[in-house]
Amino acid sequence: MPHMLIFGFGYTAKRLANRLRAKGWQVTGTRRHASDGAIAFDDEAAILAAMGEATHILSSVPPARDGSEPVLDHYGEAIKAASLEWTGYLSSTGVYGDVQGAWVDESAPIGSGRRKARSEADLGWQTLRDDVRVLRLPGIYGPGRNPITRVEQGKAKRIDVPGQVFSRIHVDDIIAAVLASFDGPAGVYNISDDLPAPQHEVIAHAARLIGMAPPPLLSLEEADLSPSAFGFYEENRRVANGKAKRLLHWQPQYPDYKAGMAALAIGLVADRD
């Protein structure tokens, strides 16, 4: 039976685990503290035991606030020595920094933006083993975590920065990419949809889907964002996904935010009925 050990049992990882278990896989997850069936990250004996049984290892753990890479620091040597069929790391397209709205593919330089620690982690995973797939992800949305719910809750802001676009990806398309990468070559892949778009257009579309008036359009200064949220608007890029399509034979089920949010809106109606 194939067995995946997942470091960082968060939003995307739990949905991946459900998909794998439905296919007959064994899945072990880690969290900072043991909960929801996941083992504690610092329970070295349990993790090394799981690693000894694992055929696949995935990390979705971001760098720590001090810039360190927890998984590589604590378990990198053990992962390097493990007998595995596949190793994966969920990285971020933030490694590309600001390119003033240009398209970036996997050949673009990394490390120039605000996420230098993420870039170092990305490179660290690339060089850890010969079988590593690094999947670089933009903004993630899906059930329970999307513009529609933020509009409903009154938490959405429409922010207009002229020329600014963001790429995004539906969580189920990330899962499909992970599955596709099992049979694809090792390497780095951008996993994004086909339509980078301004944030304010996405929020307005979400509001229209549920029959609500869009929030007012604000300037960046009027939005009163936290420093971390403000940082997103200091970078502007369009993420190209052609390599994943060519080499992994992956196609996003939701090629743009309109398709993704239409499915989410249908799900919301079904849940309420």
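Modeller: Two residues are in contact when heavy atoms of theirs lie within 4.5 Å. The model is predicted, local features need pLDDT of at least 70, side-chain atom pairs count only at pLDDT 80 or more, and totals for chains, interfaces and linings use all residues. Residues are numbered from 1 along each chain as its sequence is written, and side-chain values use heavy atoms, with hydrogens and water left out.

Colleague: Which residues does His56 contact, leaving aside neighbours within four places in sequence?

Modeller: His3, Met4, Leu5, Trp25, Leu84, Glu85, Trp86 and Phe182. His56 itself is found in strand β4, residues 56-59. Strands (E, at least two residues) and helices (H or I, at least four) are DSSP runs, numbered from the N terminus.

Colleague: Why is His56 called buried?

Modeller: Buried means under 20% relative accessible area, exposed over 50%, and partly exposed in between, with a 1.4 Å probe and protein chains only. His56 has 5%. It therefore counts as buried.

Colleague: What makes His56 and Thr55 a polar contact?

Modeller: Their side chains come to 2.7 Å. The rule asks for N or O atoms within 3.5 Å; within protein, one must be able to donate a hydrogen and the other to accept it. Residues adjacent in sequence count only if both atoms are side-chain atoms. This pair is side chain to side chain.

Colleague: What makes Asp194 and Lys245 a salt bridge?

Modeller: A salt bridge needs a side-chain nitrogen of Lys or Arg within 4 Å of a carboxyl oxygen of Asp or Glu. Here the closest N and O atoms are 2.8 Å apart. The pair links distant parts of the chain, 51 residues apart: Asp194 is in the loop between β11 (187-190) and α7 (199-209), and Lys245 is in helix α9 (residues 242-247). Asp194, at 34%, is partly exposed. Lys245, at 22%, is too.

Colleague: How do you know how α2 and α3 are oriented to each other?

Modeller: Helix α2 (residues 44-53) and helix α3 (residues 70-81) pack at about 25°, axes 11 Å apart. Axes are lines fitted to C-alpha atoms, for helices over the stretch in contact, and angles run from 0 to 180 degrees between N-to-C directions. Under 35 degrees is roughly parallel, over 145 roughly antiparallel, 65 to 115 roughly perpendicular, the rest oblique. So α2 and α3 are roughly parallel. Glu44, Ile47, Leu48 and Met51 in α2 meet Tyr75, Ala78 and Ile79 in α3.
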